[in-house]
Amino acid sequence: MILVQKYHSIHEIDPEFITNLETLLQEDVPAFNVLVDRHDKAPDTDVFTFFLFFAPTQNTPVGFAQICLRKIPGEKYVPWYKKLCFFCRKDYKQWKEIIWKVSDGNCGLSVFDPKYARGGKEKLQKLMTEYEGRTDIKAQQQYALKGLQEFKTSWVEPQIWTKETFVLEPLSKAYKTYPDYLASLSPEVQTHIMKNWKELHNAGKIEMGDYPKPSEAPHTIPVPEATLKLWEERNAQLLTFEKDLKILGCLVMLTGKNGNVFFEPFPFEPEGEAIVGDELYTQYALLKFFETPNARKCHLLKFGSKLAFEEKKDLSFFLEQGFQMKTVVQTFQSKIPALNRPL
């Protein structure tokens with residue numbers, strides 16, 4: 001039997017559970033503070049609840065889920081004559097949309113230790129049914145991993161909106177060195193990548209920096225001091241492209257749990273005038289990844305989240321380089337006829 005503990009703020013979660021939660025989320029976020037940031041920076045319309053799932057014989061979480069209750073501006077969806085009626089109930093002021101997703105939604109609506117996935121799913125289904133029965137919840141949105149997270153709904157209202165997002169999954173270290181990895185790719189992809197490296201070399205005086213701490217990077221890096229301090233606090237490493245004392249761009253490298261390494265590029269060159277192309281940021285990340293002894297999986301980020309695309313074809317070059325992908329399906333139901341899209 002799976003037990004569940006509910007928290008109405010991420011700051012209420014016991015610190016002793018953080019390490020285990022980071023292990024559960026190891027392939028989705030570099031550290032738990034990513035979820036804390038998203039919680040703290042959410043708009044005032046959003047209120048969160050977090051669920052930790054436990055097996056009966058241990059005091060460490062085996063699963064994690066969360067919801068966001070978002071205030072619906074009910075006055076927009078109620079006829080004017082009902083608002084004017086003195087005797088009419090004003091319950092529309094309490095209407096909410098419930099959003100089932102963990103963090104940014106790229107890992108679906110829950111994460112579980114595989115050993116407890118079945119029991120966890122059953123417990124989560126009961127929770128979802130309980131929330132669906134609340135009179136103040138008039139709409140619901142779910143983020144689910146396609147083929148893995150199918151849940152039933154007690155609502156009779158049909159799903160009036162769906163969307164598929166294609167999320168880039170990591171590249172696993174199947175080769176010892178970066179040259180060995182390149183040699184494993186198709187001749188066309190190899191040629192394309194080597195052409196990019198050659199063009200960078202021909203650009204002249206381009207240096208590739210590698211700084212264990214952001215504070216060790218050249219002072220000319222065009223990043224606010226507060227951001228550098230935040231990266232430092234998170235034990236980030238910086239990889240840079242430099243030319244004539246100018247930083248053309250950098251990669252932030254964050255080391256997560258069990259060999260999961262996360263890279264996020266920050267180009268600083270004007271669009272359309274870049275010496276360093278986007279693909280070279282990926283290749284520099286992979287070069288560093290293969291040089292890092294304990295690294296097992298290489299993840300690419302943008303705005304702190306995994307790369308996600310609305311068109312599957314946009315992932316093709318990444319897939320040709322050995323990355324994987326998954327599909328996240330967003331669905332939306334509403335009991336308010338005029339509300340036909342997520343807020």
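Me: Buried means under 20% relative accessible area, exposed over 50%, and partly exposed in between, with a 1.4 Å probe and protein chains only. By that rule, does Thr331 count as buried or exposed?
Reply: The model is predicted, so local features need pLDDT of at least 70 and side-chain atom pairs count only at pLDDT 80 or more, while totals for chains, interfaces and linings use all residues. Residues are numbered from 1 along each chain as its sequence is written, and side-chain values use heavy atoms, without hydrogens and water. Thr331 has 13% relative accessibility, and therefore it counts as buried.

Me: In which strand does Thr331 lie?
Reply: Helices (H or I, at least four residues) and strands (E, at least two) are DSSP runs, numbered from the N terminus. There are 9 helices and 16 strands in the chain. Residues 324-334 form the strand that holds Thr331, namely β16.

Me: Which residues does Thr331 touch, not counting residues up to four places away in sequence?
Reply: Contact means heavy atoms within 4.5 Å. With residues up to four places away in sequence left out, Thr331 touches Gln140, Gln141, Gln142, Gln159, Trp161 and Thr162.

Me: How many residues does the largest nonpolar core have?
Reply: A nonpolar core is a set of buried Ala, Val, Leu, Ile, Met, Phe, Trp, Tyr and Cys residues joined through side-chain atoms within 4.5 Å. In the largest one, the residues with the most contacts inside it are Tyr178, Tyr181, Phe241, Phe263, Leu286, Phe289 and Leu300. The number of residues in this core is 36.

Me: Which element gives the most to this core?
Reply: Several elements each supply at least two residues, among them β7 (161-169), α5 (178-184), α6 (187-202) and α8 (278-291). The element that gives the most supplies 8 residues, and it is α8.

Me: Does Lys288 count as buried or exposed?
Reply: Lys288 lies in helix α8. Apart from residues up to four places away in sequence, Lys288 touches Asp210, Gln237, Leu239, Met253 and Phe263. The relative accessibility of Lys288 is 13%, so Lys288 counts as buried.

Me: Does Asn235 count as buried or exposed?
Reply: Asn235 lies in the loop between α7 (225-233) and β10. Phi of Asn235 is near 60°, a positive value in a residue other than glycine. With 64% relative accessibility, Asn235 counts as exposed.

Me: What is Phi of Asp244 near?
Reply: Asp244 lies in the loop between β10 and β11. Asp244 is exposed, because its relative accessible area is 54%. Phi of Asp244 is positive, in a residue other than glycine, and is near 50°.

Me: Why is the pair of Phe50 and Phe64 described as it is, and what is it called?
Reply: A pair of aromatic rings is described by the distance of the centres and the angle of the planes. Rings of Phe, Tyr and Trp (its six-membered ring) pair if their centres lie within 6.5 Å; planes under 30 degrees apart count as stacked, over 60 as edge-to-face and the rest as tilted. The rings of Phe50 and Phe64 have centres 6.3 Å apart and planes at 20°, so the pair is stacked.

Me: How many residues apart are Phe50 and Phe64?
Reply: Phe50 counts as buried at 1% relative accessibility, and Phe64 counts as buried at 0%. Phe50 is in strand β2 (residues 46-54) and Phe64 in strand β3 (residues 61-71), so the pair links distant parts of the chain. Their separation in residues is 14.
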